[in-house]
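Hi everyone, thanks for coming. Let me bring the structure up, and then I'll walk you through a few places in it.

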Amino acid sequence: MDPAEIGKRTKQEQRRTLWKRIRQHREEYLMLLPFMLVFFVFTVVPVAMSLPMGFTDLDMVQFPKFVGLSNYVTLFLNDSIFIQSIRVTLVFALFTGPISYVLCFLLAWLINELPQKLKTIFTLVFYAPSMANVYTVWQIIFSGDSYGYLNSVLLDLGLITKPIQWLTDSRYVLGVVIVVQLWLSLGAGFLALRAGFQSIDRTLYEAGAIEGIRNRWQELIYITIPAMGPQLLFAAVMQIVSSFTAGTVAQSLVGFPSTDYKAHTIMTHAYDYGWVRYEMGYASAICTVLFLAMLVCNRLISKLLRRYMD
Amino acid sequence: MTDTKKLKASERQAGRHIGGTVVIFLFLLVLGLFMALPIYLACVMSVKPVHELFIFPPKLYAIDPTLDNFRDMFTTLSEMWVPFSRYVCNSVLVTVSVTVAQCVLASMAAFVLAKGKAPGRGLLNKLIVVSLLYQSSVIYIMQYIVMAKLHMIDTYWALILPSVASPMCLFLMRQSMLNIPDAMIEAAKVDGAGMFTICWQVVMPNQRPALMTVIIFAFQAAWNIQGGTLVYNEALKTLPTVVQQAAAAGLARAGVAMASAVFMLVPPVVIFMIAQKQVIETMAHSGIKD
């Protein structure tokens, strides 16, 4: 028998055993089916479609034409506003990402140290801002006339002599948006961490107390953090996504486009081209760049966290 | 002697002083007040009569609280083409079906991905994690094209289906299910139960805390669903869309806008409270975890 035939047979056998395993687990596939069907049709297919769209001039009117890399070339070489939006997004992400992540963890931990009733109340207080679109109230707080709460307080204290245009002065808009985003940022990641703290096996703490753990701090470092790996990773992913894709908050607070494009994030730029100018091909290219950036960031952070946890 | 010592150690955690707890409480209280202030202001604004909006300096409370802003909002809403009750029905229908479908489908798929043996699970897992990152506005355009091909534009399906498969819910459920001991599932298998039965009768009753978290997320996402471009029939629109319209149409915009924001905030808060209570109760009853 020559070797090629043996190879063929084992391949055939492999295929047969794989087929057998698939048939063996058909109940599992049936359980996956409903979710995966909807997931593929309404998430995976649209995403997969939008990636190649970045190489076309899709505008919803004509049949899309292939334009090669020209969208990307324009993006990085001829679109100064895009470069500006990268800068804004990075500043924004560097401020809101790490701070909100630490805040999520710190608050989830501190709340966990309180009695049960207070836990619920504090979790609600910190989580409520991200529940619905209440952030519109910041428009009134930061309002540029003397009826704005912040201005009236500052005027009252004599710190300023005339109202500051928080929402239109190019020096302040990015700062204002960062503050509001931080206020909003205790969302899914925070709640997942809260749930994580609550579901840690209590016997671990009891064992720790016997083994000689002396205070809350040691307990946190030696028992809690190692047991919370998945939640920590999940919260990291959530904070990355929300700090990189922020845009709607800025748009509704400081207007669109903002003064001197000072709060113009990559997401706002994509919105501009996708929904205002209907240049979908270009918008898809912008989103692809953003997605790749988030992917790299996510890789780095999960590597960092994994090393720390092991 | 040793027994009582052990018992004592298991009753409390290491190094808990009442002083430390008080300091933590005070710290959270101060920060919490800062966090809650904007929401408090929103509530105050929503009950201020129009003329009080223009008092200088702005007051931190309403001198003469009134429900005019809410009445104004509801009047604007009922003057629209379609009766207000229709919007409420739409929102309830969409919210309930999305929340239930999301939880059921995600739990079932999460169980297979966490504890199943079917080939291809690893790949699907990776796909789920990557899709957590992909939230873009461009996907809506492609979603529109898919919807149009399926002839679902301007139906309830267009509101419900895009939100049914949530990678986030699946991810959370799967993480929580990974902690289930394999022995428990093997034991059920020996007793002759299939994966479907194990999932719903053995595993899910133990997953109440995770499920409640997922319900909070699912409800919130579903409650805020707006048809956008997928639905243009007025009779199919949901509350978030029309409430925004009402806020924009009101005369004293700030008051009505705040009234509508407060109005939309109430249901998620109620669901949150109910879900939290459930979590605490389960943990008190299970005995293993707490």
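Look at where helix H4 of chain A meets helix H9 of chain A: A:Cys104, A:Phe105, A:Leu107, A:Ala108, A:Trp109, A:Ile111 and A:Asn112 come from H4(A), and A:Gly189, A:Phe190, A:Leu193, A:Arg194 and A:Phe197 from H9(A). By contact I mean that the C-beta atoms of two residues, placed from the backbone, lie within 7 Å. Sorted by class, that contact has 9 nonpolar, 2 polar and 1 charged residues. Nonpolar here covers Ala, Val, Leu, Ile, Met, Phe, Trp, Tyr, Cys and Pro, charged covers Asp, Glu, Lys and Arg, and the others, Gly among them, count as polar.

Before I go on: this is a predicted model, where local features need pLDDT of at least 70, side-chain atom pairs count only at pLDDT 80 or more, and totals for chains, interfaces and linings use all residues. Residues are numbered from 1 along each chain as its sequence is written, while chains are lettered from A and ligands numbered from 1 in the order in which they are written.

Back to our pair. H4 of chain A runs over residues 80–112 and H9 of chain A over 188–198; their axes come within 9 Å and cross at roughly 35 degrees. Helices are DSSP runs of H or I with at least four residues, strands are runs of E with at least two, and both are numbered from the N terminus. The axes are lines fitted to C-alpha atoms, for helices over the stretch in contact, with angles from 0 to 180 degrees between N-to-C directions.

H5 of chain A (residues 116–127) packs on H2 of chain B (residues 18–47) at about 35 degrees, axes 9 Å apart. Which hand does the crossing of H5(A) and H2(B) have? Left-handed. H5(A) brings A:Leu118, A:Phe122, A:Val125 and A:Phe126, and H2(B) brings B:Phe25, B:Leu28, B:Gly32, B:Met35 and B:Ala36. That makes 8 nonpolar, 1 polar and no charged.

Zooming out, 86 residues of chain A are in contact with 80 residues of chain B. On chain A's side, helix H2 (residues 26–53) gives the most, with 18 residues. That side has 57 nonpolar, 18 polar and 11 charged residues.

What about the core? The largest nonpolar core holds 156 residues, and A:Phe35, A:Val177, B:Ala109 and B:Val214 have the most contacts inside it. Such a core is a set of buried Ala, Val, Leu, Ile, Met, Phe, Trp, Tyr and Cys residues joined through C-beta atoms within 7 Å. Buried means 20 or more other C-beta atoms within 10 Å of a residue's own, exposed means 12 or fewer, and partly exposed is in between, again with C-beta atoms placed from the backbone. Helix H4 of chain B (residues 84–115) gives the most to this core, 13 residues. Leaving out residues up to four places away in sequence, A:Val177 touches A:Val249, A:Ala250, A:Leu253, A:Val254 and A:Ala263.

Last stop, chain B. There are 13 helices and 0 strands in chain B, and 39% of its 290 residues are buried. Chain B is split into domain 1 (17–66) and domain 2 (71–286), with bounds from an automatic or database domain assignment. The C-alpha centres of those two domains of chain B are 31 Å apart.

Technical notes: Left-handed = near helix turned anticlockwise from the far one by under 90°.
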